[in-house]
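User: I want to learn how to read salt bridges in a protein model. Can you take me through an example?

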Amino acid sequence: SVQVRFDKTGDTIALFAPSCKMTPGPWLEKVKSAYRQNGYAIKIVGPMFEDDRGVSSAGSPEKRLHALTQALRNPNIAAVQCVGGAKFGVDLLRLMKTDSAFVTTVQGLKKQKRIKPIIGYSDNTLLSNQLWYTYGIPSIHGPMGNEYKNFSTDNQVRQNFFAMKKLLANPKEREPVLPGMESAVVINPGVARGTLVGGNLSRFS
């Protein structure tokens, strides 16, 4: 099996924009502060704040994929946390199959059987499903990093952060780790085995 895990104090988390460009502002320092409070460092990778020839994507698809590849290769980066959404993640799909540096990197990670988690939703749905169906590499359908700007003021955001931290520290955790799961309605009780595929269905429309 392939494991995804980071749980060491001092680990560095890469902030990566897979789709739209982000606007610089106080939110970034608040996000960094949330991670620092929990023992993690932050590194921005890729052209997060630049557009692509007037299009509001976070740089060209080639630049974004190069940044993701370098983050996955970097031994000092423990995980990749996506920020932002919109509609430009689809630009990466073809390149994820044909870019030799990316293909070599993910194939190498799979051989190690312990890979860096890529975390997020929205356009990260496309990255996650491409990684799984093309390379058999799991990722995590979870919060986007820019949501942690409200870590100090929003209890739900804090719960989400701690739930994610708990999951990453123990991927085999069998108890519910997401807020509210204890009260979820069970439609078909029982035990099942299979592949859990997460994502936003709107990304496939």
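Analyst: Start with one pair. Arg-36 and Glu-29 join their side chains in a salt bridge, at 2.5 Å from N to O. The term means a side-chain nitrogen of Lys or Arg within 4 Å of a carboxyl oxygen of Asp or Glu. Keep in mind that this is a predicted model: local features need pLDDT of at least 70, side-chain atom pairs count only at pLDDT 80 or more, and totals for chains, interfaces and linings use all residues. Residues are numbered from 1 along each chain as its sequence is written, and side-chain values use heavy atoms, with hydrogens and water left out.

User: How many salt bridges does the structure hold?

Analyst: The structure holds four. One of them pairs Asp-51 with Lys-21, at 3.7 Å from N to O. This pair links distant parts of the chain, 30 residues apart. Asp-51 sits in the loop between strand E3 (41-45) and helix H2 (61-73). Lys-21 sits in the loop between strand E2 (12-16) and helix H1 (26-37). Helices (H or I, at least four residues) and strands (E, at least two) are DSSP runs, numbered from the N terminus. Asp-51 is partly exposed at 34%, and Lys-21 is partly exposed at 32%.

User: Which residue does Asp-91 meet in a salt bridge?

Analyst: Asp-91 meets Arg-64, at 3.6 Å from N to O. Asp-91 lies in the loop between strand E4 (77-82) and helix H3 (93-98), and Arg-64 lies in helix H2, so the pair ties together parts 27 residues apart in sequence. Now check the accessibility. Asp-91 is partly exposed at 32%, whereas Arg-64 is buried at 0%.

User: What does the chain look like as a whole, in helices and strands?

Analyst: Count the elements, then read their order. The chain has six helices and seven strands. From the N terminus they run β-β-α-β-α-β-α-α-β-β-α-β-α.

User: And what share of the chain's residues is buried?

Analyst: Buried residues are 43% of the 205 in the chain. Contacts give another view: a contact means heavy atoms within 4.5 Å. Among contacts between residues at least 6 apart in sequence, 76% join residues at least 24 apart.

Definitions and conventions: Buried means under 20% relative accessible area, exposed over 50%, partly exposed in between (1.4 Å probe, protein chains only).
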